[in-house]
Amino acid sequence: MAFNWFWKAMGAQQSRNQKRSVAIVEDASARTAELSHLDDAALAQRARDLTAGGTLSDPAEFLAVLGVASERTLGLAPFPVQSQAVLRLLEGDVIQMATGEGKTLVGAMAATGFGLMGKRVHLITINDYLAGRDAEWMQPLVSFFGLSVGAITEKLGPEERRRVYASDVIYGPVNEIGFDVLRDQQVTRRRDAVQAPADVALVDEADSVLVDEALVPLVLAGSQPGVETTGKITEVVRTLRETEHYSIDDDRRNVFLTDAGATRVEGALGISSLYDDEHIGTTLVRVNLALHAKALLIRDIHYLVDDGKVALIDASRGRVADLQRWPDGLQAAVEAKEGLDVTEGGRILDTITLQALMRRYPMVCGMTGTAVEATDQLRQFYGLHVSEIERNKELQRFDEADRIYATAAEKNRAIVEEITLLHTNGQPVLVGTHDVAESEALAEALSERGIEVNVLNAKNDAEEARIVAEAGDLGRVTVSTQMAGRGTDIRLGGADERDHDGVATLGGLAVIGTSRHRTVRLDNQLRGRAGRQGDPGLSLFFVSLEDDVVVSGGSGESITAQPDELGRITSNRIANFVAHCQRVTEGQLLEIHAQTWKYNQLLADQRDIFDERRARLLDTPLAWEELSQRAPEKASTLSELDEGVREQAARDIMLFHLDNEWAEHLAVMDDVRESIHLRAIARETPIDEYHRIAVREFKSVAQRAVDEAVETFNTVLIDDAGAHLADNGLARPSATWTYMVSDNPLAGSGNSVVSGIGNLFR
Ligand code: ADP
Ligand code: MG
């Protein structure tokens with residue numbers, strides 16, 4: 001009961017905040033005319049006065065100033081709803097604002113506000129292209145107030161990055177920002193780091209970054225020759241036969257060794273039992289990975305072999321996923337299966353999930369068209385509130401009820417019919433499919449009808465954006481895979497709106513979903529592409545009882561329905577059932593998320609402690625102090641040396657071992673995670689067991705790092721050139737590279753070993 005009361009009170013608080021914002025915005029509009037008489041310098045000065053001391057003294061006046069400046073610099077006079085959104089962002093909310101309502105401007109105005117209050121802002125985008133585009137577009141507004149602005153993109157070198165990160169407002173794609181964090185954690189002199197601390201993360205498409213991709217690890221690896229390969233295991237697994245040695249479950253997501261299979265592997269490897277303590281966390285994991293690679297990952301569907309390398313196919317986007325790898329052991333297993341050089345030679349130096357990356361910011365706020373459906377996650381995982389912002393113009397989109405068919409074949413036929421019908425009138429149609437195979441099959445069926453189709457499988461974000469921008473063109477049919485082109489505005493009648501009114505008369509953009517997504521939120525992302533800024537539009541989803549969502553969400557429940565001669569089912573009961581199935585899959589996803597979160601949380605806490613220690617070693621003479629205390633004799637032999645050289649030598653030594661131990665710790669915990677589900681079989685609660693081991697291991701990390709540093713300090717040559725670590729075989733990797741662990745092919749809901757690993761990486 002108390003709980004209910006609490007949330008009700010929170011809700012009331014929220015709507016009070018919203019009401020207050022509305023009042024402030026009205027007040028702001030009233031003051032605009034007067035402020036527009038001020039010249040540029042006076043206006044900028046006014047903004048500085050209003051934000052002096054790092055607080056906003058008169059929000060209404062401040063919004064009015066921002067508005068006038070926006071009109072002057074960008075030619076965009078903010079709509080009242082945009083000003084309201086700016087206020088909510090400045091107070092640290094995630095705002096929900098529909099597609100096409102102008103979030104880019106909102107983000108830039110809020111970032112300007114933060115900047116004027118002396119806070120450095122990272123405006124985080126989902127890709128390189130959007131970071132560059134938005135920074136360039138919004139630059140006149142931000143610099144109007146004397147603030148500096150820049151964009152981080154993949155191609156920038158360290159020098160340029162350092163310069164951009166020193167700006168007040170920095171646009172950057174989330175993965176690049178994360179990679180820089182990881183690389184900066186390897187420097188031994190502060191001046192080699194590229195990032196300057198930021199106070200605020202303002203996240204665009206916040207649900208993607210903070211929820212969908214939150215648990216994706218970013219990885220920094222370094223060269224390290226001579227690591228063992230998986231050769232022998234691959235050899236024996238290659239000889240295993242389905243049914244006899246292993247079985248695959250119905251949805252082909254999990255594979256299990258049979259007893260006969262285990263015996264065969266044990267025989268070939270000359271070990272007594274795979275399930276011994278000695279092998280459970282190592283050999284068995286590798287055997288399962290090799291088996292997964294053999295039995296479930298299919299060349300040209302899940303990956304390509306190109307130029308002697310395995311390239312992942314990103315199933316949802318339908319293209320080769322640059323910079324993505326499977327969790328390490330699996331990548332190696334696939335390479336071994338294909339007889340390629342196993343790239344395992346590298347060593348993981350550090351990894352960070354997007355979730356942990358976000359924790360580094362004192363303040364996080366964000367914007368997206370679909371925040372409301374993620375309210376629970378945003379509150380549970382980040383303590384963030386969602387503020388829903390009204391549309392500037394009332395929504396004119398018509399969301400049709402789902403069209404439900406008994407079989408996929410009947411559904412597909414109906415989809416082609418419907419698109420053909422819409423197309424006959426010239427109404428533009430955007431079709432959201434679930435994977436490449438589906439998009440290509442549909443495109444082919446449509447071309448057979450003589451309909452020209454733009455299939456979205458572009459190789460880069462800029463080209464994708466261009467195709468999406470044209471999706472509202474008269475008579476255009478665009479077939480895309482999920483999420484394609486998020487961040488790009490679809491205008492009616494082409495990007496320049498040349499035929500806007502004509503297309504509007506035809507009913508605007510029609511969006512068709514070829515099946516429901518795993519969450520309502522993803523459905524709404526697709527729907528949201530139609531009906532921007534009061535334009536007419538249509539959204540319509542097709543569903544078949546054979547769709548994944550229905551099958552997995554409704555497992556076990558039997559339903560009966562009476563389809564018509566085209567296979568269509570019109571029954572409220574079935575419509576409710578479909579909605580129910582989707583809620584079930586949503587629940588499953590949330591559960592996996594919450595579970596994985598727990599695993600990651602502990603490492604994230606440990607990372608905070610590690611970071612703090614590292615920063616102190618980097619920024620203070622602590623390393624020298626500690627080492628000379630622990631090894632006074634050696635220290636005294638260095639008294640002739642320059643103080644700076646001495647301190648840096650000590651720092652290099654301490655940091656080398658600290659980083660080394662941290663990387664080891666991550667590797668150990670990774671192994672533990674991979675084997676923990678096997679332990680679950682042995683009836684331990686996995687998460688408790690994991691915590692116990694993590695805490696124990698971490699305790700020894702700090703101690704070992706210092707002990708080893710003392711040892712090195714005593715033995716290594718230290719002279720005017722510093723500590724000669726390489727002489728002692730303690731060189732840092734000569735090359736490093738970064739990648740994201742792919743959206744995981746293993747994710748399933750079974751409790752097999754391999755799906756266990758999968759879930760943990762999701
Ligand atoms: P969102 O990110 O919310 O989907 P965008 O920031 O991409 O939307 O903006 C969509 C379009 O709306 C852009 O072309 C932009 O120029 C236009 N726009 C934004 N704010 C305004 C405004 N106040 N007045 C006129 N056009 C605007
Ligand atoms: Mg946007």
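The buried residues of helix H13 are Thr283, Leu284, Val285, Val287, Asn288, Leu289, Ala290, Leu291, His292, Ala293 and Ala295, where buried means under 20% relative accessible area with a 1.4 Å probe and protein chains only. The model is predicted, so local features need pLDDT of at least 70 and side-chain atom pairs pLDDT 80 or more, while totals for chains, interfaces and linings use all residues. Residues are numbered from 1 along each chain as its sequence is written, chains are lettered from A and ligands numbered from 1 in the order written, and side-chain values use heavy atoms without hydrogens or water.

H13 covers residues 283-295, and 11 of its 13 residues are buried. From first to last C-alpha, H13 reaches 18 Å, close to the 18 Å expected at 1.5 Å a residue, that span being 1.5 Å times one less than the number of residues. Helices are DSSP runs (H or I, at least four residues), numbered from the N terminus.

Ligand 1 has 16 residues around it, of which Ala77, Gly100, Lys103, Thr104 and Arg491 come nearest; a residue counts as near if one of its heavy atoms lies within 4 Å. The table gives polar contacts, pairs of N or O atoms within 3.5 Å.

| Residue and atom | Distance to an oxygen atom of ligand 1 |
|---|---|
| Arg491, polar side-chain atom | 2.2 Å |
| Gly100, backbone N or O atom | 2.6 Å |
| Gly102, backbone N or O atom | 3.1 Å |

Taken alone, ligand 1 exposes 570 Å², and the protein buries 84% of that (Shrake-Rupley method, 1.4 Å probe). Domain 1 (1-213 + 355-388) and domain 3 (396-579) each supply at least three residues of the shell, with bounds from an automatic or database domain assignment.

Technical notes. A polar contact is a pair of N or O atoms within 3.5 Å; within protein, one must be able to donate a hydrogen and the other to accept it, and residues adjacent in sequence count only if both atoms are side-chain atoms. Helices (H or I, at least four residues) and strands (E, at least two) are DSSP runs, numbered from the N terminus. Buried means under 20% relative accessible area, exposed over 50%, partly exposed in between (1.4 Å probe, protein chains only).
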